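Biologist: Let us go through this model by question and answer. Please keep to what the atoms give.

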Amino acid sequence: MKKFSCVQGCSDCCIYREYYPAVEYGKIGVLLLPEEKTAIEELARKMNLPVKIIPRLAIGNEFPEKVIAYQMMGKNGDGDLCPFLDVESNGRSPHGGFNCSIYPERPLACRAYPVIDAGKKKTLDGHCQFCKKFSTTEVSSEGLQGEIEALTKIKTGVTAGKSHVWRYATATGKAGDVMLPEGWVAES
Ligand code: SF4
Ligand code: SF4
C-alpha cells in the first residue's frame, strides 16, 4: 500500500475544475458550506480579492427553498484557477506546488481532497495526480485522517433529508461547450 503524498510541484486540484455531473451543468467550483461562504467572503474582502460564490445545492419540494451548499468559482473564464492560489509570487508549498493564500483557513472541501468517499472503503479522486500514478485501491488511508474527517463534516452539512435536491447549473466551461443556462435544475 502506498501512503498518500502530493506529487512534487503539483497544484492541479487548486487549478482545474471538473464538469459535474455532466458537461451541460458546467464546471463546478470549490464546495462551501453556508457558514464557510461568509468566512471566505470576509477573507477575500480583507485581501481585496474578487471571488465569485454561487449556490451549488438546495433542498425544497416545488422550488429550491434552502441552499445547503455554495461553490467558489475559478477566476478564469473557463472556470479554472482558484482565486486564492498564489501563482504570482515565488513562494511554494512544502511539496513544491503553488501556495494557498488562505491555507490555515481553507474550506473543508480542500481539506478533504483527494478523499471523495469516507465510507468503510475510502475512495480517492482518480483526477488527483497522485491517484493517477497509483491505483486508488493501492493507496493507504494512513495519513489521510484529516481529509476523511473534513469529508465527514461536509456530508453531515449537506444531508438533504426528505426534500428534493436542486442542483445549480453554472454555465461555466470552455467556449463551445453546450451548457444549460445558469440556474437551478431539479434532480430526478
Ligand atoms: S492533485 Fe493530488 S497530488 Fe496534486 S496537489 Fe492535489 S492532492 Fe496533491
Ligand atoms: S482555497 Fe486554497 S486549497 Fe482550496 S482550492 Fe483554493 S488555493 Fe487550493
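Biologist: This is a predicted model. Is W184 buried, partly exposed or exposed?

Modeller: The relative accessibility of W184 is 29%. Buried needs a value under 20% and exposed a value over 50%. W184 therefore counts as partly exposed.

Biologist: With which residue does W184 form an aromatic pair?

Modeller: The two ring centres are 5.1 Å apart and the planes make 85 degrees, which is edge-to-face. The partner sits in strand β10 (residues 165-169), while W184 belongs to strand β11 (residues 183-186), 16 residues away. The partner of W184 is Y168.

Biologist: How are the rings of F4 and F130 arranged?

Modeller: F4 lies in the loop between β1 (2-3) and α1, and F130 in helix α4, 126 residues apart. F4 is buried at 15% relative accessibility, and F130 is buried at 6%. Their ring centres are 5.0 Å apart with the planes at 75 degrees. Edge-to-face requires over 60 degrees, so the pair is edge-to-face.

Biologist: Which helices each supply at least two residues of the shell around ligand 1?

Modeller: The residues around ligand 1 include F4, C10, D12, C13, C128, Q129 and F130. By class, that shell has 8 nonpolar, 1 polar and 1 charged residues. The helices that each supply at least two of its residues are α1 (12-15) and α4 (129-133).

Biologist: How many disulfides does the structure hold?

Modeller: Cysteines do occur around both ligands, among them C6, C10 and C13 at ligand 1 and C14, C82 and C100 at ligand 2. A disulfide needs two cysteine sulfur atoms within 2.5 Å. The number of disulfides is 0.

Biologist: Which element gives the largest share of the largest nonpolar core?

Modeller: That core has 21 residues, and V115, F130, L144, I154 and V158 touch the most other members. Elements that each supply at least two residues include β3 (53-59), β4 (66-72) and α3 (108-112). The largest share is 4 residues, and it comes from α5.

Technical notes:
Residues numbered from 1 in each chain as written. Chains lettered and ligands numbered in written order. Predicted model: local features only at pLDDT ≥ 70, side-chain atom pairs only at ≥ 80, totals over all residues. Heavy atoms only, no water. Near = heavy atom within 4 Å. Nonpolar A, V, L, I, M, F, W, Y, C, P; charged D, E, K, R; others polar. Core = buried A, V, L, I, M, F, W, Y, C linked by side-chain atoms within 4.5 Å. Buried < 20%, exposed > 50% of the residue type's maximum accessible area, 1.4 Å probe, protein only. Phe/Tyr/Trp six-rings, centres within 6.5 Å; stacked < 30°, edge-to-face > 60°.
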